[in-house]
Amino acid sequence: MKLLYYTLVLYFSVVACSTQKTVAPAPPKAKTFSNGAVITAHPLASAIGVDILKKGGNAVDAAVAVQFALAVVYPNAGNIGGGGFMVYRAHNGEVAALDFRETAPSWASRDMYLDRDGNPITELSLYGQLAAGVPGSVAGMVEAHKKYGSRPWLQLLTPAIKLAEQGFAITAMQANEFNEHEKRFKALNPNGAAIIQAKAWKKDDLFVQKELAHTLHRIAEQGREGFYNGETADFIVAEMKRGNGLITHEDLKQYKAIWRQPIVGAYKDYKIISMPPPSSGGIAVMTLLQSVEKYPLAKWGFQADSTIRVMVEAERRVYADRASYLGDPDFYSVPTAALLDKAYNQERMSTIDFNKATPSAAIKARSIPGYESEQTTHFNIVDKDGNAVAITTTINGSYGSCVWVDGAGFLLNNEMDDFSVKPGSPNMYGLLGGKANAIEGGKRMLSAMSPTIIEQNGQLKMVVGTPGGSTIITSIFQAILNVLEFGMDAQQSVTAARFHHQWYPDRIDVENEAISPTVRQNLEKDGYPIFKRPRIGRMENIIRLPNGKLQTGADPRGDDFAEGY
Ligand code: DON
């Protein structure tokens, strides 16, 4: 029963995350821009980012404007009520990683989502006020702007405020999504919300968000204080009281975005720069790349039989480690160096049998001395000087907890479900976890978000990221190999059909178009169950070409749009 529940939750969240759109028969072509490029999940947000670049703002200025714009035009994932990660590479090679992940409220505790018999009550960590972590996005944008921004804060929020105040015409895809979620929105927001209206939404309807405009005004005028204190904070705490939520004024005051050392590693002669814990993304992507580096993938070819076997077996092993060793580094000492031991990761692949799947049951997390054994969105920006920003930001499921903060007009996340609610119990993405990712007050829940920047010979090469819950890591892994091994351009690298393995469930998830029928048959014969599912992720990729131009690829699975000048 529980398995069925999770399969359904996973199915619907993935449908929501990837927002079904029939991939156009003629595959979209990569675009190129000479000065700057922005790719986001919504054309209006991309246009706002480019406008800031054209007016002389840098990549971080544009990122701040885009983050707030997405909170207005892409409410199923763009947010001020969620959190995220930024990976940054300046034109001079300086790198940085900003963690604005949500934290568990201080009253949160390990067993808070278990019933008296110790079984998870899944609804609680997924919907309603109790599912929400303390939001980090506003603090994140304030920090990023303080360190790297060059334009006035107020100017960067103005386009988002205008869109919220005056409204914008929704796309067909958005109208469908709004209508699909109507029941839940009504159930969780008895006082109403801008997204709830008497008749069904249709394409080009104007979506006006007056309360959100006021909240954005307060943030524009008061910065951090406009969200974590005063009126907005009062609205959040009042919303918590309505539904047994835990976030207090003190939690909001205490919230901090944190600068962390990015994960930096080598794949052949490329330098990979990605997000460290509390994301598992950087370590997992790097470990996957190390695991496959010695195999002749380019010679075997894209989604060839051997290529898939090697990638899947690497994924199986890496996700086993993820479940045991990754969590918030401020609460759990993550063995980063041991996990990134290249020799170990390569040696571990020697147990692969090219004629037979390794059962997941035979794979355990490695032993490290001293240790017991969809909705998200991504955007990329490169400015005229070559500064690059990759941000993945999330409220977790589509429309997060589905709770709009009454009076403040924004959605709260359901990020608490990213914690391991109980060892051995899968979360909405089927991911397992244990002590490292157990709930504790003030702790950040483990993430898979992997905003990644690649450098070659000291020059920017590629900026990539995607939503997709547990599939984020394997999607990034594929995009990187698509470019570095299989010679794809930016657009092909994100359009290409994807597959995914995460240790448990022990199966390969595939998009309809992924993996040829013959290879699928061979894999099934050798013990790799194939599970078909709807679209995986919504990937964005910017490649800097040898002539310095920027080539863009926006995922055709959604409304995603590349813009530049
Ligand atoms: O942080 C994470 O790993 C998840 N909360 C991401 C959720 C996600 O990508 C949903 N979108 N499709």
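Modeller: Four bridges join strand β2, residues 37-40, to β19, and the two run antiparallel; helices (H or I, at least four residues) and strands (E, at least two) are DSSP runs, numbered from the N terminus. Within this pairing, V38 has E563 of β19 as its bridge partner. This is a predicted model, in which local features need pLDDT of at least 70, side-chain atom pairs count only at pLDDT 80 or more, and totals for chains, interfaces and linings use all residues. Residues are numbered from 1 along each chain as its sequence is written, and side-chain values use heavy atoms, with hydrogens and water left out.

Both strands belong to an open sheet of seven strands, in the order β7-β4-β3-β11-β10-β2-β19, with antiparallel pairing, where two strands pair if DSSP finds at least two bridges between them. At the edges are β7 (258-260) and β19 (561-564), each of which pairs on one side only. On average, neighbouring strands of this sheet are turned by 15 degrees against each other, direction ignored; axes are lines fitted to C-alpha atoms, for helices over the stretch in contact, and angles run from 0 to 180 degrees between N-to-C directions.

Two helices complete this view. Helix α2 (residues 43-54) lies across β2, β10 (376-382) and β19, and runs at about 160 degrees to β2. Helix α3 (residues 59-73) packs on the sheet as well, touching β2, β3 (83-89), β10 and β11 (388-394), with its direction at about 155 degrees to that of β10; contact here means heavy atoms within 4.5 Å.
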